[in-house]
Amino acid sequence: MTTSESAAFTSIPAVNIAGLFSDQKEDRLQVAQALGQAAKDVGFLYVTGHNIDPQLIADLRTATKQFFDQPMDKKLAYYIGASASHKGYVPEGEEIYGTGKPDHKEAFDVGFPAAKDHPLVLAKTPLIGDNDWPVLEGFQSKVRAYYAAVFALGRRLFSGFALALDLPEDHFDKMVTCPPSKLRLIHYPFDASAEDAPGIGAHTDYECFTLLLADQVGLEVMNEAGDWIDTPPLAVAGEEAFVVNIGDMLEVLTAGQFVATAHRVRKVSQQRYSFPLFFACDYHTQIRPLPQFTDSEQAYEALSIGDHMYSQALQSYRYLREKVTKGELSLPNKSRGVATFGRLKKYSN
């Protein structure tokens, strides 16, 4: 059911997922129902009761600040454009989203720890491969520990979404063995002259869903009426909540019942750090509407999750766009343009 514009959401729901860790299936089903409702009504939700150790979060923030406080030449030594698998340092201006203007941020991108002898790595599959770790004391160990913990949380959430879709809890397990799931360490520098205006252009996330932590306001979510809804950081009983949002692939899987809600980061004057982990299935996984959604009024073609992610990167990162223009790279077959999922189909800018 699609909510009418007259009843457009004005806030983001919060779901305590502690029941997903229960031995009682009734508890897990109760959480799954809440996850499914939020995915249908909004496409965004706060998640509490996640059991992520606060020290892992603190260590990640320490490591991130340590990296971004370095001189530019040190950071550019790990430039993403020199990576064989699209990982590393992303300087300001490298990414261009829906507005056609560079984003005011810098980032360091970390991928799933794929073994060097993994078949996907040997086949030089886009987005799959080694991380090039900065030579900074404790950086690799702190970032990898956080990645492992939040990726495990993503698996748990996927089991909840499976239940919400009347599937076995382990339905997605076999699809997630060596995925192009990226963790981004993002730094929005202090800018005293910044106005309350978009920072990252409006977009949906390409993967199945995203788990985000941020330390400052700035994130905005588009509702059915095309209005932007503030989504500030939330803490409950001292526990930082994750923001979870539905990505393009779960929209395809449910033929639009779960919506990949558009979002952006507005320009704000304070320094801001955010940490999204984009949870994906394996590169060659074909995503198509589940049987119970095949009679939907919306038509969705099957997509290769990896090809979709790679094609979006080819259209968003400056160094990849240049290679496409020069003919060194080409978009995968059936590539979709940007702003083709969620409410961006109606309100693209």
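## Asn245 and its surroundings

Asn245 touches Gly43, Phe44, Asp205, Cys208, Phe209, Thr210 and His263, when residues up to four places away in sequence are not counted, a contact being defined by heavy atoms within 4.5 Å. The position of Asn245 is in strand 12, residues 242-246, where helices (H or I, at least four residues) and strands (E, at least two) are DSSP runs numbered from the N terminus. Asn245 is buried, with a relative accessible area of 3%; buried means under 20% relative accessible area, exposed over 50%, and partly exposed in between, with a 1.4 Å probe and protein chains only.

One of the residues touched by Asn245 is Asp205, and the side chains of Asn245 and Asp205 are joined by a polar contact of 3.0 Å. A polar contact is a pair of N or O atoms within 3.5 Å; within protein, one of them must be able to donate a hydrogen and the other to accept it, and residues adjacent in sequence count only if both atoms are side-chain atoms.

## The model and the chain

This is a predicted model, in which local features need pLDDT of at least 70 and side-chain atom pairs count only at pLDDT 80 or more, while totals for chains, interfaces and linings use all residues. Residues are numbered from 1 along each chain as its sequence is written, and side-chain values use heavy atoms, with hydrogens and water left out.

The chain holds eight helices and 16 strands, and of its 349 residues 54% count as buried. Among the contacts in the chain with a separation of 6 or more, 77% are between residues 24 or more positions apart.

## The nonpolar cores

In soluble globular proteins, nonpolar side chains tend to be buried together. The largest nonpolar core here has 88 residues, of which Phe158, Phe209 and Leu211 touch the most other members; such a core is a set of buried Ala, Val, Leu, Ile, Met, Phe, Trp, Tyr and Cys residues joined through side-chain atoms within 4.5 Å. Helix 5, residues 139-164, gives the most to this core, with 11 residues. Apart from it lies another core, of 11 residues, which includes Val42, Phe44, Tyr46 and Ala241.

With residues up to four places away in sequence left out, Phe158 touches Phe172, Val176, Cys208, Phe209, Leu250, Phe279 and Cys281.

## Helix 1 against helix 5

Two packed helices are described by the angle between their axes and the distance between the axes. Helix 1, residues 25-41, packs with helix 5 at an angle of about 80°, and their axes are 8 Å apart; axes are lines fitted to C-alpha atoms, for helices over the stretch in contact, and angles run from 0 to 180 degrees between N-to-C directions. Helix 1 and helix 5 are therefore roughly perpendicular to each other, since angles under 35 degrees count as roughly parallel, over 145 as roughly antiparallel, 65 to 115 as roughly perpendicular and the rest as oblique.

On the side of helix 1, Lys25, Arg28, Leu29, Ala32, Leu35, Gly36 and Ala39 meet Leu157, Gly160, Phe161, Leu163 and Ala164 of helix 5. The residues of this contact divide into eight nonpolar, two polar and two charged, where Ala, Val, Leu, Ile, Met, Phe, Trp, Tyr, Cys and Pro count as nonpolar, Asp, Glu, Lys and Arg as charged, and the others, Gly among them, as polar.

Lys75 is found in helix 3 and is buried, with a relative accessible area of 5%. Leaving aside neighbours within four places in sequence, Lys75 is in contact with Phe67, Phe68, Gln70, Tyr89 and Glu106, and a polar contact of 3.0 Å joins the side chains of Lys75 and Glu106.

Tyr78 is found in the loop between helix 3 (72-76) and strand 3 (88-90) and counts as buried at 16% relative accessibility. Tyr78 and Tyr89 are 11 residues apart along the chain, and their C-alpha atoms are separated by 5.3 Å.

## Two loop residues with positive phi

Most residues other than glycine have a negative phi. Asn51, although not a glycine, has a positive phi of about 70°; Asn51 lies in the loop between strand 2 (44-48) and helix 2 (54-68) and is exposed, with a relative accessible area of 58%. Asp166, which is not a glycine either, has a positive phi of about 60°; Asp166 lies in the loop between helix 5 and strand 5 (183-188) and counts as exposed at 73% relative accessibility.
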